[in-house]
Amino acid sequence: MTKSNPGLFFENFYVGMVLRHATPKTLTEGDVALYTGLTGSRYALYSSDAFARDGDLDAAPIDPLLIFHTVFGKTVPDISLNAVANLGYADGRFLAPVYPGDTLSAVSEVIGVKENSNGKTGVVYVRTTGFNQQGDVVLSYVRWVMVNKADAAAPAPTPIVPDLPAFVPADELPSPAPYWEGNYDGTLAGSVHSFEDYEIGERINHVDGMTVEEAEHQIATRLYQNTAKVHFDAIVQASSRQGRRLIYGGVVISIARALAFNGLANAAEILAINAGRHINPLFAGDTIYAWSEVLDKADLGQGQGALRLRLIATKNVSGCDFPGPDSSDAILEFDYWAAIPLRASFAV
Amino acid sequence: MTKSNPGLFFENFYVGMVLRHATPKTLTEGDVALYTGLTGSRYALYSSDAFARDGDLDAAPIDPLLIFHTVFGKTVPDISLNAVANLGYADGRFLAPVYPGDTLSAVSEVIGVKENSNGKTGVVYVRTTGFNQQGDVVLSYVRWVMVNKADAAAPAPTPIVPDLPAFVPADELPSPAPYWEGNYDGTLAGSVHSFEDYEIGERINHVDGMTVEEAEHQIATRLYQNTAKVHFDAIVQASSRQGRRLIYGGVVISIARALAFNGLANAAEILAINAGRHINPLFAGDTIYAWSEVLDKADLGQGQGALRLRLIATKNVSGCDFPGPDSSDAILEFDYWAAIPLRASFAV
Amino acid sequence: MTKSNPGLFFENFYVGMVLRHATPKTLTEGDVALYTGLTGSRYALYSSDAFARDGDLDAAPIDPLLIFHTVFGKTVPDISLNAVANLGYADGRFLAPVYPGDTLSAVSEVIGVKENSNGKTGVVYVRTTGFNQQGDVVLSYVRWVMVNKADAAAPAPTPIVPDLPAFVPADELPSPAPYWEGNYDGTLAGSVHSFEDYEIGERINHVDGMTVEEAEHQIATRLYQNTAKVHFDAIVQASSRQGRRLIYGGVVISIARALAFNGLANAAEILAINAGRHINPLFAGDTIYAWSEVLDKADLGQGQGALRLRLIATKNVSGCDFPGPDSSDAILEFDYWAAIPLRASFAV
């Protein structure tokens, strides 16, 4: 019997199955620095302890996307080692801030299985929960992936497809981590625009582009301890359909969000992930651009609001004409809620 | 109205204009590790807490060049997003040590403007000041950049060119951070040479070469939160004069200084930047070499001295024949003061 | 007289010569994050403070291979700047755990010299000792390198070849750092297999492959402050026999060990390095695979055992057919002892 992990195949998953994932990880200032170096993120809340302290926090918390990628990475050896495609995310909620020194672990429960009509693959739905070292839930989300069957003759399970919300309702949003008592410094944060300045339907081109190198996405994906071999093994990938290494979709999400600083600097904190899908693959040498649309707004009270944003990332074509998710240049559609201070929270 | 930052153009700048820059950054041990990984710096003072404690410091301070790049990076979105060229630096002073955990922010004041005779561009002079979270000044320097006009018809301002010192006078140099009470360990620092061993006019070839990859300079420049698109966007750069991404000049400064360890290991601490200019662009795949000339010396008292050094970096041609700044291979001329212990401060 | 370091040549070494190496380094959480990002290591003991605390440690210790590369890096400017080849390692012992914040320094003693029959090179044997800031020995190992003579006419020294053990005897192994009181969590660690499950002679294919980029090995090698120019200078290397930059052998060791997680997840802690040699060079773009053989087992008492493992890394050919060290695809043979909990130490 081999001691190396062959991963699970579609017929191994069943609804109710619980998987405790390996390799808890302590997130540190080292991870934060590397995340900045790999994404170029400039949101003040995640860059400056002093800024976060103005918001009544003890220190700069960890960027929610770094939490997401870390928790996601843990699930890969158990859920998606034999995955054909990562199909989507839903109902993601960031339930407690994480600080350098906190240790994250992850557990997934299978909540749906549905064999595809070809009999060779199926879709597995899991709810993944990320915990800190005290056992507090810091993140919960659903994702679904297409997984190969090892044995095409294995019988199809009774299909169960979970009922997933199209988005996290505004009245269920987690509270923003910082609290601003009329002292929010928009100039330091990088923008004069408050919650009130954004209109539903407004579209923002984030202007800048970022070319991704092979070394960069590999370092990022290893930092997240994500082991999916499609990102790392040029030899195996040479005989794949794409012929080369694929960039982990989380790299795309993080770079697109870093680009979104230019237009959304005050919407630093992601509270919830409503939906997300990777439309086309990204390869080393490609350049990412991004634009956003305001889908909804919600006043959360206490001088804070939230914007529901749809982030579209494209490759090798700028966002200035707002290419839609059906465009052949689109690589990502990411629907999320981000906290943003109301005008009354601003110092000036 | 767009919410993304178009940057300022030449006609937007006026003498006396003050710009508080966005995204304060807490420098951490993570930044230090990444700086080491990207530059190969080996100066003991910035590598070892134990070594720094021997010099009466609480811990290893942050390398002044990492401070410089961090402060500089904050100014880019406001000062040089529409810059044609970064022309020079002067009167840079490192006024207080920075330790992991300190948060840096930056403010710039426009101190000069001068339209070029072509009517399409102009030169903007700014004094930039970097602060820590207590509001102490940690760095002050002047730089000047050539910036595009948005509207060629905008009237030329009254030209004001600041009077800048050719170098920081020795009697105005900041005190070195460490204090050595006859316990300086040159062997651990990597050299037996004290202040007395260096002669004015002496030239030192730093021997080693360092080839720079696209991923390396991008990670470094993002770590400094420098957003200048010439470093990151291969699509836009493809239609530029150079046809490709330019490497941020700060990457060249740091690698050249890391190479300078081989010959200047005891001159670890940069006290002042007298002048600097980027002579030719560097591209990924090029190899950096460096040599130094001792321009001046000053005894600072208390067993410490300072060397005024001119660092010349070249690309793809070694420093063994001491190519001058007018050489077509030269990429950097950097004139600075570095502290170095006197013989009496050495333990052996 | 030049102030830059020309390195030592074969005729400069003599038995009994002691070299205190430059640039002590404080290892931090920053180094750990970068090590994870560059290797993809997933051993829970080195990833999670919480996991390490379950093993009665204060925090996650530093991975022994990061200690090894750091200590090794310090020796390069003194020992192997003029080396032709790094021939082997022996008798390596990790004698005390290292934690973030500890500062490492290194001293080497020459224990053997033997001129080669060509009269142009010779082999130098050194014992290198790594210390922490309290002066405790954290690592001791022997390596031998082939070094050029500066002057072929220099007389050959009396040959002295040290008597080196083929492996560290089991009864001399350092104690494992963590202590598990029946609470070892194999699921979190990534494997259900205990000491008892491994058999002498058993071979494990680690399945996954990792393609190495130029930027990645350069960042790693600079992080270790290893200055050997063969890794960094594309211009000089263009005229070498290989025609290009060589990847530091320590990069191969660390990636192969990271791959070995898949099959050896509970054998996280390297206690001793018995032997190691770099069989063929690795270049950027090559893909590393690895497999392991269990050479021996030892019950260390207190619920802990050790496996003596032979790790074979290959390039561009997977480990599924267990290619031996004589294979033209082999790049590394690395013989070491790793601690692993006994079944009685497992919580479940």
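How many salt bridges does the rule find across the interface of chain B and chain C? I looked this up in a predicted model. The rule finds five. I noted one of them: Glu213(B) pairs with Arg245(C), and their closest N and O atoms are 2.9 Å apart.

Next I asked which parts of chain B face chain C. Several elements each supply at least two residues, among them α1 (29-39), α6 (214-223) and β10 (287-301). The largest share, eight residues, comes from α1(B). I sorted the residues on this side of chain B into 15 nonpolar, 18 polar and nine charged.

Then I looked up the extent of the interface. I find 42 residues of chain B in contact with 35 residues of chain C. The buried area is about 3,100 Å², and carbon and sulfur atoms give 55% of it. Arg42(B), Ser47(B) and Leu188(B) supply 17% of what chain B buries here, more than any other three residues.

Last entry: strand β6 of chain B, residues 137-148. Is this strand largely enclosed or open? I count it as largely enclosed by the rest of the structure, because nine of its twelve residues are buried. Its partner β3(B), residues 83-94, runs antiparallel to it and is joined by eight bridges. There, Tyr89(B) has Arg143(B) as its bridge partner. β5(B), residues 121-131, is also antiparallel to β6(B), with eleven bridges. In that pairing I see Val124(B) opposite Val145(B). β5(B) and β6(B) form a hairpin with five residues between them. In its turn, Gly135(B) has a positive phi of about 85°.

Note on methods
Residues are numbered from 1 along each chain as its sequence is written. Chains are lettered from A and ligands numbered from 1 in the order in which they are written. This is a predicted model: local features need pLDDT of at least 70, side-chain atom pairs count only at pLDDT 80 or more; totals for chains, interfaces and linings use all residues. Side-chain values use heavy atoms; hydrogens and water are left out. Contact means heavy atoms within 4.5 Å. Buried area is the accessible area (1.4 Å probe) that two parts lose on being put together, summed over both. A salt bridge is a side-chain nitrogen of Lys or Arg within 4 Å of a carboxyl oxygen of Asp or Glu. Helices (H or I, at least four residues) and strands (E, at least two) are DSSP runs, numbered from the N terminus. Ala, Val, Leu, Ile, Met, Phe, Trp, Tyr, Cys and Pro count as nonpolar, Asp, Glu, Lys and Arg as charged, and the others, Gly among them, as polar. Buried means under 20% relative accessible area, exposed over 50%, partly exposed in between (1.4 Å probe, protein chains only). Two strands pair if DSSP finds at least two bridges between them.
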